[in-house]
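Please read these points with the model open beside you.

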Amino acid sequence: MSEVRVRIAPSPSGNLHVGTARTALFNYLFAKKNNGKFVLRIEDTDAERTSQEYVDNIFDSLKALGLNWDEGPDVGGNYGPYTQSERFDIYPKYIQELLDKGFAYECFCTPEELEAEKEEATRNKKPYVYTRKCENLTEEEKAKLRAEGRKPAIRFNIAKAQKAFHESSILEFDDLVKGKLHMDTDLIGDFVIMKSNGAPTYNYAVVIDDALMHITHVIRGEDHISNTYKQILIFEALGFEVPRFGHLGMILAPDRSKLSKRHGATAVSDFVEQGYLTDALLNFVALLGWAPSDGEEIKTVDEIAADFRIGEISSSNSIFEYDKLKWMNSQYIKKIPTEELKEMLKKYLTKYDLTELTDAQYTRMIEITREPLTLLSDITDAVPYFFGGKNVEIDPEVQTNTIETELSQDVLKTFVEQAETWEWTEENLHEKLEAFRGYFKEQKGYKPKFTMWAIRAAVTGRTCGADMVATLVILGKENSLARAKKALK
RNA sequence: GGUGCGUUGGAGGAACUGGCUAACUCGUUGCCCUUUCAAGGCAAAGAUUACGGGUUCAAACCCCGUACGCACUACCA
């Protein structure tokens, strides 16, 4: 059997979508599993919707995900170029072949005429299929239309191709994930393969590219199922070997509609910006439609590749559950060594003056605040009180409900007096505060929790946060006590 | 409207070619731990496998119908 070659062919009309990322992943896994090649092709035939910015985003996102391609626009390969707009000169040749073989014909219909036909059909509640009125135009008729200045589009002759290679009008293929799929080709209109401006259309260009790039397996979203029949026929008409196809279910938003911006992040770069780890995103997306055989969900791409079988992919749509992604992200964050994490988090701490802290203090701060992080960006709101020296912003509610209570004032007064003499190390403070809590509990019946709350509220302006002892040490005795004093009435 | 694909607890999903009380993970709830919030540990609740028929000793798995969802139905990709 020849080498397995798969491809991902995004259209640069937007940033790389998670759905595309998942498709890319499954292609990548399939290639890896079968020792094949993973090809990246940019489908930018529609110049109007395409932009270089998106091309860059696609490259960057795929790279960030670790989905490295063996052949592509930047790395090259034996079957380039890998950007459709650079392949425009190779498309006409096969159009001519199709024309010569009688599998395609020129169509002079105007958009208005087509539109009218369509309306007519919907008015009569008939399914619309192109009428093929240009199929048998004589040379004279064509010349006349050309003389009028009309430029023809080229249409593919479905019926002819179907008849040439199949016994009935039913076209069937064996899908890698969905099994046998079929369609009555009489219901497919003769579609345009080359626009009147000379540009190839999607369904035509993919076939030429896939054939010339020797793609053996086409794994893509199920929104392409209906295109598959058209494409198979072109492959056959041109005498190309037909690749195997595999169609994945779609990814839907929690409300079962298409995943769109209003649901939150949709592009890989959006997720990254929001503080998601690409490894977590990739792992999560792999679980949409696929399940590990050992039930262990947190897995590296290599582990997934080893366990991956295309036929086991679920063929139904799946819902993108942000909650589970968040959980997975938190699991991945936990695995990152602090040394690494503290660098990664700097990106989310730009609103603070990091020079206020020594490297040791900064490291300690990350150590004590990293535990509850779900998103990297959560760090931003978790650490404001480590900055600002003697001043800290107090939450108004905390001010009235916690700091100004009699209990808190009592605790703080004693704290300020006693702490003045304490040696300001974590070890020592730990002991001292334990005794401190014990004292209030025994003498006044204050719950340890409330005693600590008083101190925490005064020093951090909040009632919840990182480990209190470590926080005090990072802030230093001077700053800590200054804040505590300020809280006294 | 037509065509195609799909439907297992709130979500992801397991259950090999029909055979035990329908896994596991997220979420939810409760408990524990505790200087707070989390995290972590433990436990529980939650499914007559969309619905209705049929085949069979036996069906989530096979067949038929219904409903619902999604996709496609472009000189977009």
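1. Which residues does L345 touch, not counting residues up to four places away in sequence? L345 touches I366, L376 and I379. Here, touching means that two C-beta atoms, placed from the backbone, lie within 7 Å. L345 is found in helix α13 (residues 338-346). Helices are DSSP runs of H or I with at least four residues, strands are runs of E with at least two, and both are numbered from the N terminus.

2. A word on the source. This is a predicted model, in which local features need pLDDT of at least 70 and side-chain atom pairs count only at pLDDT 80 or more, while totals for chains, interfaces and linings use all residues. Residues are numbered from 1 along each chain as its sequence is written, and chains are lettered from A and ligands numbered from 1 in the order in which they are written.

3. Is L345 buried or exposed? L345 is buried, because 26 other C-beta atoms lie within 10 Å. The cut-offs are these: 20 or more other C-beta atoms within 10 Å is buried, 12 or fewer is exposed, and in between is partly exposed. Now look along the chain. L345 and D378 are 33 residues apart, yet their C-alpha atoms are separated by 9.5 Å.

4. Next, a strand pair. Strands β8 (residues 217-221) and β9 run parallel and pair over five bridges. Pairing requires at least two DSSP bridges between the strands. I219 stands opposite G246 in β9. Between β8 and β9 the chain passes through helix α8 (residues 225-237), making a right-handed β-α-β crossover. Right-handed means that, with the strands pointing away from the viewer, the path from the first strand over the helix to the second runs clockwise. In β9 (residues 244-248), four of the five residues are buried.

5. Now an open sheet. Its three strands have the order β3-β4-β7, and the pairing is antiparallel. The edges are β3 (104-107) and β7 (192-194), each pairing on one side only. On average, neighbouring strands are turned by 45 degrees against each other, direction ignored. Two bridges join β4 (residues 153-156) to β7. I154 has M194 in β7 as its bridge partner.

6. Axes are lines fitted to C-alpha atoms, for helices over the stretch in contact, and angles run from 0 to 180 degrees between N-to-C directions.

7. How many residues surround RNA strand B? There are 62, and the closest are S11, Y202, S316, P372 and C464. A residue is near the strand if its C-beta atom, placed from the backbone, lies within 6 Å of it. Elements that each supply at least two residues of this surface include α4 (111-123), α8 and α12 (322-335).

8. Check the backbone too. Most residues other than glycine have a negative phi, and most peptide bonds are trans. G80 and P81 are joined by a cis peptide bond, with omega about -5 degrees. P81 sits in the loop between α2 (52-65) and α3. N35 has a positive phi, near 60 degrees. N35 is exposed, since it has 8 other C-beta atoms within 10 Å. R132 also has a positive phi, about 65 degrees. R132 counts as partly exposed because it has 15 C-beta neighbours inside 10 Å.
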